[in-house]
Structure formats: structure tokens, C-alpha cells
Amino acid sequence: SYNGLDTRISKTENSTTTPKGPDWRAQLKDLWVLAAQVHVRKGEGQLAAQAYERALATVPDLSASEQGTLRRALIEVLPDNEHERARTHLHALLLATPKDVSLLSKLRAVEERAQNNGAAWRLGQLLHLLDANQPVPPAPTLPPKDVKFEDADHQRLSDPEARAMAEVLSS
């Protein structure tokens, strides 16, 4: 039975009596991957994502290929409201393949769900540059010139990097 598999793996991982030979970490990683796959089959995305993250953390010198495989599997099972975790793993994947259109599309979807419209728009522009079949993002709509924004509105609507640059340029 797979019930309690995560608990048993954790106990093995933290046990002082478990023989920890040279292959121990690789075997532990494989157990975490197995636990993740079981959670996926049971429709438990959050638990599957945690198991994949434990697998990634278990072997510090995991090959880039294995890291990529685990991160891609993790992204597929993360719940839609896990914006920060998805962003972290997508950024790690994009370091290895910065022009991967499918990863950039997933990152744009994460930014849209997080209501991070500026980042989503910029990713849309980048996707169109990399793949002409991608739709052209709509031109940004600017507010009328006589409209004054309160500081709270600026912080809510603008990107922090753009705001910092605007302050530098205006001084």
C-alpha cells in the first residue's frame, strides 16, 4: 500500500540507523519521485509537487537534465494558485533554455493568473518575437495626461523596476 509513503520516506531520510552509503541519496530521490507519481495518480497535485521538490533537494549535484525533468513534472502538477513556486521553477528551467517558447508561455500564464499584467504583457511581446505565430500583444492603453494617480495606485499598477527607473529619471 502507498498510504503513508511520504511519512515512511521522511522517516528513512531522517533516521540515524539507516545505512547511508554512496547510492543512498539517489535511491532516496527515486523514492520521492515514486511518491510524487503516486500522488499524481491520486489527483493530489499539491502533495506531488512537494514530493518532486523533496526529490530535487535530496541530491544537491543532480544533473541539469534530471533537474529539468523533475522541475517540468513539478510545474505540471502545481496548483494554479502557486504563483511564486511556479515562477521559481520556471525561472530555473529558463536559465538553461531561455528561448523555450513552451516555458515562456507557461510563465506568461502564471503572471496572468497572478494578475501581474506588466510581466505577462512583456512575455507576450517576447513570445511574438520568438514565434511569429504567437499573437501580437495589444498596445498598452495609457491614461489621459490630466489624470493624477495616488501613490498607492502607482505601486499597485506599475512594476517596481519601472517605478525605480522613473524616480531616477525624474530627479
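Me: Happy to start with one side chain: why is Arg108 called buried?

Reply: Buried means under 20% relative accessible area, exposed over 50%, and partly exposed in between, with a 1.4 Å probe and protein chains only. Arg108 has a relative accessible area of 18%, so it counts as buried. This is a predicted model, so local features need pLDDT of at least 70 and side-chain atom pairs count only at pLDDT 80 or more, while totals for chains, interfaces and linings use all residues. Residues are numbered from 1 along each chain as its sequence is written, and side-chain values use heavy atoms, with hydrogens and water left out.

Me: Thanks! What does Arg108 touch?

Reply: Contact means heavy atoms within 4.5 Å. Leaving out residues up to four places away in sequence, Arg108 touches Ala120, Leu123, Gly124, Leu127 and Gln134. Arg108 itself lies in helix α6; helices here are DSSP runs (H or I, at least four residues; strands are E, at least two), numbered from the N terminus.

Me: How do you know that the span of α6 agrees with what it should be?

Reply: The expected span is 1.5 Å times one less than the number of residues. For the 13 residues of α6 (residues 101-113) that gives 18 Å, and the end C-alpha atoms are 18 Å apart, so the two agree.

Me: Which residues of α6 are buried, and what puts them on the same side?

Reply: They are Leu103, Leu104, Leu107, Arg108, Val110 and Glu111. They cover an arc of only 160° around the axis, so they sit on the same side of α6; the arc is that of the directions from the helix axis to the C-beta atoms. These buried residues pack against α4 (64-77), α5 (83-96) and α7.

Me: What makes Arg87 and Glu111 a salt bridge?

Reply: A salt bridge needs a side-chain nitrogen of Lys or Arg within 4 Å of a carboxyl oxygen of Asp or Glu. The closest N and O atoms of Arg87 and Glu111 are 2.8 Å apart, and the pair forms a salt bridge. Arg87 lies in helix α5 and Glu111 in helix α6, so the pair ties together parts that are 24 residues apart in sequence.

Me: Are those two partners buried or exposed?

Reply: Arg87 counts as buried because its relative accessibility is 15%. Glu111 is buried too, with a relative accessible area of 5%.

Me: And why is Asp80 called exposed?

Reply: Its relative accessibility is 52%, so Asp80 counts as exposed. Its side chain meets that of Arg113 in a salt bridge (4.0 Å, N to O).
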